[in-house]
Amino acid sequence: MARLVMKFGGSSVADGAKLRNVGELVKSLSGENEIVVVTSALGGVTDDLLQCARTSAEGGKVEDIATFVDRLSKRHVQALMDAVLDPDIAKELKEIITQRLGELEKAYIGICYLGELSPRSIDRISSFGERLAAPILSGVLRDLGLKSRYYSGGEAGVITNSDYGNAKPLEKSYDLLSSRLTPIDGVPVVTGFIGEDERGNITTLGRGGSDFSASLIGAAIGADEIWFWKDTTGVLTTDPKIVSEAKNIPVISYREAMEMSYFGAKVLHPRAIEPAIRNGIPVRVKCTFDPQDPGTLIVKEGMAREDVIKAVTLSKKVALLTISGAGMIGTPGIAARAFSALANAGVNIVMISQGSSEANISVVVDEPQVEAAEIALRAEFPTTIVREVSHNKDVAVIAVVGAGMVGTPGVAGRVFGAMGRSKINVLMISQGSSEHNISFVVSIGEAERAVQELHREFGLESGAKR
């Protein structure tokens, strides 16, 4: 019997019919496996919760809060009525929803009167989506004849620091999760995305938080595999909205998955599989709506194949920032000062490139942070050293990813040869010493065409001969 952690995203639990589908899927697999379920909020709920919080803090009206909470109540009640047939379970779930939404309304009213939205308040508000979904999904499992209990992340043992919005689990979470969830009794349902700090305040785990929760739980309870149920058939060679012939990748390594995610692939966030990597647990990405498809298996080392490149990714909403000046040449510590200034300003650096002349340094940063980055750099350097700090927001990062490029000569030549033949101008290049990816910057207007050309160059489309 295998021990599995299964995480279901918002699209998988978007409404009653889909919740019922998840319940039946879990039941079909529960006879031969021990299963712990991790759930996201119903699709779109977290965004709605945060929008209402912002509106409340900016002078929102109490009556508008009541209208929003009522709409949220109707959606969740409708979902449970469509998913749960047993009237006693349905009645119990309605009471839980009513009680939790009462807490939510009071929180909103407090924000409205104070006109203030703190990071701690944002985390508390954000948590309600998962805290409403978990009882319903647990109720569906009970309705289908399975024993089930639901937990918030904190109740299950996810104890974090107090970095609200991007909390980090403490080491003791592993022991707590193991002690509270094992031996596995029935099918526990745990909220993804949220935990609590040592003072009992609700925290959230940041981007990719629900996946991270599942990976953390899997590592803590010694899972044989961690399954992420998505609305795609697995990890694809590229975004199917850009290349309709994109296909599923059967097996990739942890490193390849993290490189893909870092450079724009939306299936997994790099942080999501850190606990799995730490414990060598295979991760599988499967499609909720096509459960027979094997999906993508992510393992320590990918299968040895002739494929040089596994995927091509595109990352938008970035900006290219360049600092230049003749005074930089021969002046020690310029790069260190630049990166320290950006770090102190809280700016995330996506890519780095420095010319051998030392007269310029280019970095790619997240677009919303570009102004803060410019201010930090201008404050750090006198004009006698750095003559100009400039930025370009009309750019995108393309990355080709694959362990097969290690030791394979000519990969960069093929990449940039394809760009040259297509008359696509490359603005900046970066290749890590690991050789698992080559990334570069192009104008936003040429980005999708660049992805299409590279996908074709490396034969990644369905039915292509390698």
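Leaving aside neighbours within four places in sequence, tyrosine 108 is in contact (heavy atoms within 4.5 Å) with Leu49, Cys52, Ala53, Ser56, Ile65, Phe68, Val69 and Ile125. The model is predicted, so local features need pLDDT of at least 70 and side-chain atom pairs count only at pLDDT 80 or more, while totals for chains, interfaces and linings use all residues. Residues are numbered from 1 along each chain as its sequence is written, and side-chain values use heavy atoms, with hydrogens and water left out.

Tyr108, together with Phe8 and Leu49, touches the most other members of the largest nonpolar core, which has 51 residues. Such a core is a set of buried Ala, Val, Leu, Ile, Met, Phe, Trp, Tyr and Cys residues joined through side-chain atoms within 4.5 Å, where buried means under 20% relative accessible area with a 1.4 Å probe, protein chains only. Helix α4 supplies the largest share of this core, 11 residues. Apart from it lies another core, of 47 residues, including Leu177 and Phe228.

Helix α4 (residues 87–114) also packs against helix α5 (residues 119–143) at an angle of about 175°, their axes lying 10 Å apart. Because angles over 145 degrees count as roughly antiparallel, α4 is described as roughly antiparallel to α5. Among the residues that make this contact are Leu104 and Tyr108 of α4, and Ile125 and Phe128 of α5.

Turning to strand β1, we find arginine 3 there, and this arginine 3 is buried, with a relative accessible area of 18%. Its side chain is joined to that of glutamate 34 by a polar contact of 2.9 Å, a term for a pair of N or O atoms within 3.5 Å, of which, within protein, one must be able to donate a hydrogen and the other to accept it, and residues adjacent in sequence count only if both atoms are side-chain atoms.

Definitions and conventions:
Axes are lines fitted to C-alpha atoms, for helices over the stretch in contact, and angles run from 0 to 180 degrees between N-to-C directions. Helices (H or I, at least four residues) and strands (E, at least two) are DSSP runs, numbered from the N terminus. Angles under 35 degrees count as roughly parallel, over 145 as roughly antiparallel, 65 to 115 as roughly perpendicular and the rest as oblique. Buried means under 20% relative accessible area, exposed over 50%, partly exposed in between (1.4 Å probe, protein chains only).
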